Amino acid sequence: MSQLTISDFPKDITDRVDTPCYLISEDVIRRNCELLDSVQKRTGARILLAMKAFALPKVFPLISRYLQGVCASGPIEAQMGREEFGREVHTYSPAFTKKQMECTIAFSDHIVFNSVSQWHAHREAIAASGRNIEVGLRVNPGHAEVEVDLYNPCLPGSRFGVNPEDLEGVDLTGISGLHFHAMCEQNSDVLTRVLAGFEKRYGHLIPQMKWINFGGGHHITRSDYDVELLCETISDFRKRHNGIQVYLEPGEAVVLNAGVFVTQVLDVIHNGVDIAIADSSAETHMPDVLAMPYRPVLIGAGQAGEFANDCKIGCISCLAGDFIGTYSFPEKPKIGDRLVFTDMALYSFVKNTNFNGVELPDITVFSLEKGTLEVVRRFGYEDYKNRLS
């Protein structure tokens with residue numbers, strides 16, 4: 001299993017990097033990919049990396065040894081996937097402009113549309129390109145168990161996916177597959193229920209298709225994930241439907257536990273509670289902490305009240321709520337202490353910003369097995385300026 005251990009990110013590594021820093025382990029990524037590859041081999045499914053969760057070309061050669069390609073959320077991700085990953089590129093967006101479609105066509109093997117009207121708007125351009133592009137439609141499976149509404153694509157009024165009534169009387173000639181996505185960090189038992197909803201609503205269309213894409217949100221490399229049930233579910237589905245090709249698009253599962261965020265305490269103040277000010281920002285460097293919201297694990301610290309010294313970890317932007325969370329420590333944090341937050345490879349540097357002119361963290365990749373430590377990217381003033389002028 002890929003479950004993180006402290007030995008994956010030893011102190012002699014986290015102490016060597018400049019802060020703030022996203023620190024990525026090639027070794028953990030490889031372990032994750034080996035598990036994902038075992039699912040491919042057992043089921044015949046093809047697994048893609050969701051670039052919206054993780055897009056670091058430095059480790060694409062490693063991931064591409066195991067996974068079949070990438071799924072992109074638009075033309076820019078598609079171009080990176082084609083140029084840097086070099087395998088299949090599947091692209092979906094709720095809508096494309098004509099210019100975006102031109103780029104998407106140039107770099108994609110599959111294009112998934114969100115509506116019949118979008119397909120009709122762009123199908124002539126796809127046909128005229130001369131490229132062998134397979135076209136799919138995203139559908140709404142009518143069932144989801146995502147607890148946070150912000151991340152639930154199947155809520156009433158959702159903008160994602162075609163409903164059964166939208167397809168009544170529609171000639172689907174030219175459509176190769178159906179795509180659904182209704183999960184977020186969930187286990188395979190949820191997939192079985194989502195899949196049942198999908199088959200109930202669209203089962204009559206499956207015989208016309210070459211492939212079905214089960215989307216993302218599959219937390220396959222989590223320590224308590226039921227891989228056996230996943231494999232049974234995929235294999236049984238394929239048997240029911242004459243060996244149809246199945247795709248999965250996990251993002252987090254590829255890099256789960258493969259990254260930490262290293263930051264340093266700049267100051268310690270007291271305002272009713274102890275507050276440590278770090279040289280980083282939840283708002284700019286780990287935005288999902290505020291958006292999800294969630295409280296990331298801090299190595300060596302516990303829940304509030306678990307140890308003798310509670311302390312809020314505050315950050316350097318002007319946002320009043322720019323706190324990572326409240327933690328307890330065996331000893332009070334002091335200036336110069338390093339704080340190491342876990343599971344920070346995913347949805348971190350792909351979403352970070354320069355709000356407030358806060359500097360972006362370094363991106364550093366290491367491998368204990370190979371004995372390597374490399375700063376892949378260091379950001380500065382020009383990166384900030386070039387985004388704005």
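Let us begin with an aromatic cluster: Phe180, Phe198, Tyr202, Phe214 and Phe237 together make up one such group. Rings of Phe, Tyr and Trp (for Trp, its six-membered ring) are paired here if their centres lie within 6.5 Å; planes under 30 degrees apart count as stacked, over 60 as edge-to-face and the rest as tilted. By this rule, the count comes to 12 aromatic pairs.

The model is predicted: local features need pLDDT of at least 70, side-chain atom pairs count only at pLDDT 80 or more, and totals for chains, interfaces and linings use all residues. Residues are numbered from 1 along each chain as its sequence is written, and side-chain values use heavy atoms, with hydrogens and water left out.

Are the two partners of that pair buried or exposed? Buried means under 20% relative accessible area, exposed over 50%, and partly exposed in between (1.4 Å probe, protein chains only). Trp211 is buried, at a relative accessible area of 2%, and Tyr247 is buried as well, at 6%.

I turn now to the chain as a whole. Its secondary structure comes to 12 helices and 16 strands; helices (H or I, at least four residues) and strands (E, at least two) are DSSP runs, numbered from the N terminus. The radius of gyration of the protein chain is 22 Å, close to the 21 Å that the globule rule gives for 389 residues, so the chain is as compact as a globular protein of that length. That radius is taken over C-alpha atoms, and the globule rule is 2.2 Å times the number of residues to the power 0.38. Along its principal axes, the C-alpha trace spans about 65 × 50 × 45 Å.

Of the 389 residues in the protein chain, 54% are buried. The chain exposes about 17000 Å², and carbon and sulfur atoms supply 50% of that area; accessible areas come from the Shrake-Rupley method with a 1.4 Å probe, and for residues only the protein chains shown count as cover. A contact means heavy atoms within 4.5 Å. Among contacts between residues at least 6 apart in sequence, 69% join residues at least 24 apart.

As for charge, the mean positions of the 37 positive and 50 negative charges are 4 Å apart. Lys and Arg count as positive and Asp and Glu as negative, while His and the chain ends are not counted. The place of a charge is taken as NZ of Lys, CZ of Arg, CG of Asp or CD of Glu.

Next, some individual residues. Which residues does Thr43 touch, leaving aside those up to four places away in sequence? They are Cys231, Ile234, Ser235 and Arg238. Thr43 itself is part of helix 2 (residues 26-43) and is buried, at 6% relative accessibility.

Cys21 lies in strand 1 and is buried, with a relative accessible area of 0%. Not counting residues up to four places away in sequence, Cys21 touches Val260, Phe261, Val262, Pro361, Asp362 and Thr364. From Cys21 to Cys154 the separation is 133 residues in sequence and 36 Å in space, C-alpha to C-alpha.

Where in the chain do cis peptide bonds occur? One runs from Thr19 to Pro20, with omega near -5 degrees, and Pro20 sits in the loop between helix 1 (11-14) and strand 1 (21-25). Another runs from Met292 to Pro293, with omega near -15 degrees. Pro293 is in the loop between helix 11 (288-291) and strand 12 (309-314), and is exposed, at 62% relative accessibility. Pro293 and Ile324 are 31 residues apart in sequence and 9.9 Å apart in space, C-alpha to C-alpha.

I close with backbone angles. Glu185, a residue other than glycine, has a positive phi, near 55 degrees. Glu185 is placed in the loop between strand 7 (175-179) and helix 7 (188-202) and is partly exposed, with a relative accessible area of 33%. Asn257, also not a glycine, has a positive phi of about 65 degrees. Asn257 occupies the loop between helix 9 (252-255) and strand 10 (259-270) and counts as buried, at 15% relative accessibility.
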